[in-house]
Structures are given as structure tokens and as C-alpha cells.
Amino acid sequence: LLDSVERWSDTQIHCQASSHAALDNPLRAAGRLGMANGIEYAAQAMAVHGALRAGADGAPRAGYLTSVREVEFHAERLDLGTTPLDIHAECLSGDGNHLIYSFRLETAGRLLITGRASVMLDAGAL
């Protein structure tokens with residue numbers, strides 16, 4: 001769903017996406033893209049962040065979204081505009097197998113969704 005990584009650091013990532021406006025977006029239901037789908041965009045940004053942090057020396061670790069909290073929708077739908085989505089995620093804490101991210105989606109400076117997500121890494125190995 002993501003088009004590009006605009007910038008990233010060890011703790012943050014900013015991605016862009018235009019797929020929210022595509023009529024063949026696989027997340028569409030009944031011809032619309034609901035706001036809750038923004039969580040999937042954020043989760044994909046977190047996954048890319050993990051892969052970038054792993055670098056060329058290590059394989060990215062499989063991650064599973066275990067919870068989302070404090071999610072606030074600031075719009076009705078994701079697909080009402082054609083301006084690219086800006087997806088921001090910041091790793092707030094982590095202990096090796098469990099990470100907590102904050103995330104927000106915006107378009108043209110307008111806030112669409114905010115929240116926090118917990119990610120479990122290598123859950124099958126636990």
C-alpha cells in the first residue's frame with residue numbers, strides 16, 4: 001500500500017501512499033475505504049521501519065500487531081481525497097520482542113487518524 005519512505009531514523013519513519021484513492025484498493029469494502037484501514041497503513045510503515053532498522057546485516061523479524069490503543073479518527077473516510085497520505089510512526093519503547101509505536105496519518109496537513117500500536121516480534125519463537 002505504501003509508495004515511498006520519505007525519511008527515517010532509528011526511532012521514526014515517514015512514508016507516503018496514494019493507494020487510498022485507487023478504486024482497486026484491496027482494503028475497500030462496499031466501494032469505500034473506511035478510516036479504520038488507516039491502521040493497516042500505519043502497520044505497514046512500522047514493518048518497513050523494522051526492516052530498515054535491521055539493515056543489510058540482519059534479516060527483518062516477523063512482527064504481529066497485538067493491540068491498538070487510543071485510536072482517534074479525525075475524518076469519516078480515507079478515500080475522500082486524492083492528495084497522498086503521509087504516514088508517520090515513532091517507536092516509543094521496546095525490549096527486543098515487544099515494541100510500542102505511536103502513529104498518525106495526515107493528508108495535505110489535515111490530521112486523519114492517531115493512535116498507538118503494540119507489535120510482538122518473533123511471536124512463534126516465544
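Helices (H or I, at least four residues) and strands (E, at least two) are DSSP runs, numbered from the N terminus. Thr114, for instance, lies in strand 6. The structure described here is a predicted model, in which local features need pLDDT of at least 70 and side-chain atom pairs count only at pLDDT 80 or more, while totals for chains, interfaces and linings use all residues. Residues are numbered from 1 along each chain as its sequence is written, and side-chain values use heavy atoms, with hydrogens and water left out.

Contact, or touching, means heavy atoms within 4.5 Å.

The individual pairings can now be followed along the sheet. A hairpin of 3 residues joins strand 1 to strand 2, and these two strands pair in the antiparallel sense over 4 bridges. Within this pair, Trp8 stands opposite Ile13 in strand 2. Strand 2 also pairs with strand 4, antiparallel and over 6 bridges, and here Gln16 has Asp86 in strand 4 as its bridge partner. Strand 5 and strand 6 (residues 110-121) run antiparallel and are joined by 10 bridges; Phe103 stands opposite Gly115 in strand 6. In general, strands of a sheet pair through backbone hydrogen bonds, either parallel or antiparallel.

His14 lies in strand 2 (residues 12-17) and counts as buried because its relative accessibility is 9%; buried means under 20% relative accessible area, exposed over 50%, and partly exposed in between (1.4 Å probe, protein chains only). Beyond its neighbours within four places in sequence, His14 is in contact with Ser4, Val5, Glu6, Arg7, Asp86, Ile87 and His88. Thr114 is also buried, at 19% relative accessibility. Leaving out residues up to four places away in sequence, Thr114 touches Glu70, Val71, Glu72, His74, Phe103 and Arg104. Leu33 belongs to the loop between strand 2 and helix 1 and is buried, with a relative accessible area of 0%. Its C-alpha atom is separated by 5.5 Å from that of Asp79, although the two residues are 46 residues apart along the chain.

Finally, there is a pocket to explore. About 170 Å³ of space lies in the second largest pocket. Its lining includes His14, Trp8, Ile13 and Phe103. Strand 1 (4-8), strand 2, strand 4 (85-94) and strand 5 (98-107) each supply at least two residues of this lining. A pocket is an open set of points on a 1 Å grid over the protein atoms alone, where a 1.4 Å probe fits, with protein on both sides within 12 Å along at least five of seven lines; lining residues have an atom within 4 Å of a point.

Notes
Points joined across faces, edges and corners; volume = space filled by probe spheres on them. Pairing = 2+ DSSP bridges.
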